[in-house]
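User: I would like to learn how to read packing in a model like the one below. Please take one feature at a time.

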Amino acid sequence: HRAAQAQQGLIPMIRDLIIDGFRCFDHYELHGLGRINLLVGANNSGKTSVLEAVQLLACNGDMGGVFESMRRRGEYSRSVSMPEVDAAFETGNIFC
């Protein structure tokens, strides 16, 4: 449904973002976001985590995209048994 909305330009722009209990953030707020935003920070400061939080929001909580990011970053190993995640990778249902 969001993909159709995006093609029609109907998804509202994020003006403020509040992240609670996600990855390295206990609580983090970004206010006054615009059409283009630049995230700057030292290595391992949470820039990618902010993007993953936005991705999760855009995917309506579908964890497939997050698991794909984890796989690319080496944080997810198929040697650990996670049946739902393994099934998502096998069927290709890993993106929102």
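User: Which residues does Phe25 touch, not counting residues up to four places away in sequence?

Analyst: Contact means heavy atoms within 4.5 Å. On that basis Phe25 touches Ile19, Asp20, Gly46, Ser49 and Val50. This is a predicted model: local features need pLDDT of at least 70, side-chain atom pairs count only at pLDDT 80 or more, and totals for chains, interfaces and linings use all residues. Residues are numbered from 1 along each chain as its sequence is written, and side-chain values use heavy atoms, leaving out hydrogens and water.

User: Which residues form the largest nonpolar core?

Analyst: In soluble globular proteins, nonpolar side chains tend to be buried together. Here the largest nonpolar core has 12 residues, among them Phe22, Phe25, Val50 and Phe67. β1 (17-22), β2 (25-30), α2 (47-58) and α3 (64-72) each give two or more residues to this core.

User: Is Glu52 buried or exposed?

Analyst: Glu52, in helix α2, is buried (under 20% relative accessible area, 1.4 Å probe, protein chains only), with a value of 4%. The Glu52 side chain makes a polar contact with that of Arg23 at 2.6 Å. Glu52 also touches Phe22, Val66, Ser69 and Arg73.

User: How do α2 and α3 pack?

Analyst: Two packed helices are described by the angle between their axes and the distance between the axes. For α2 and α3 the angle is about 150 degrees and the axes are 8 Å apart, so the two are roughly antiparallel (angles over 145 degrees). Glu52, Gln55 and Leu56 in α2 meet Gly65, Val66 and Ser69 in α3. By class, this contact has two nonpolar, three polar and one charged residues.

Note on methods:
Core = buried A, V, L, I, M, F, W, Y, C linked by side-chain atoms within 4.5 Å. Buried < 20%, exposed > 50% of the residue type's maximum accessible area, 1.4 Å probe, protein only. Helix = DSSP H or I, 4+ residues; strand = E, 2+ residues; numbered from the N terminus. Polar contact = N/O pair within 3.5 Å; in protein donor to acceptor, adjacent residues only side chain to side chain. Axes fitted to C-alpha atoms, helices over the stretch in contact; angles between N-to-C directions. Parallel < 35°, antiparallel > 145°, perpendicular 65-115°, else oblique. Nonpolar A, V, L, I, M, F, W, Y, C, P; charged D, E, K, R; others polar.
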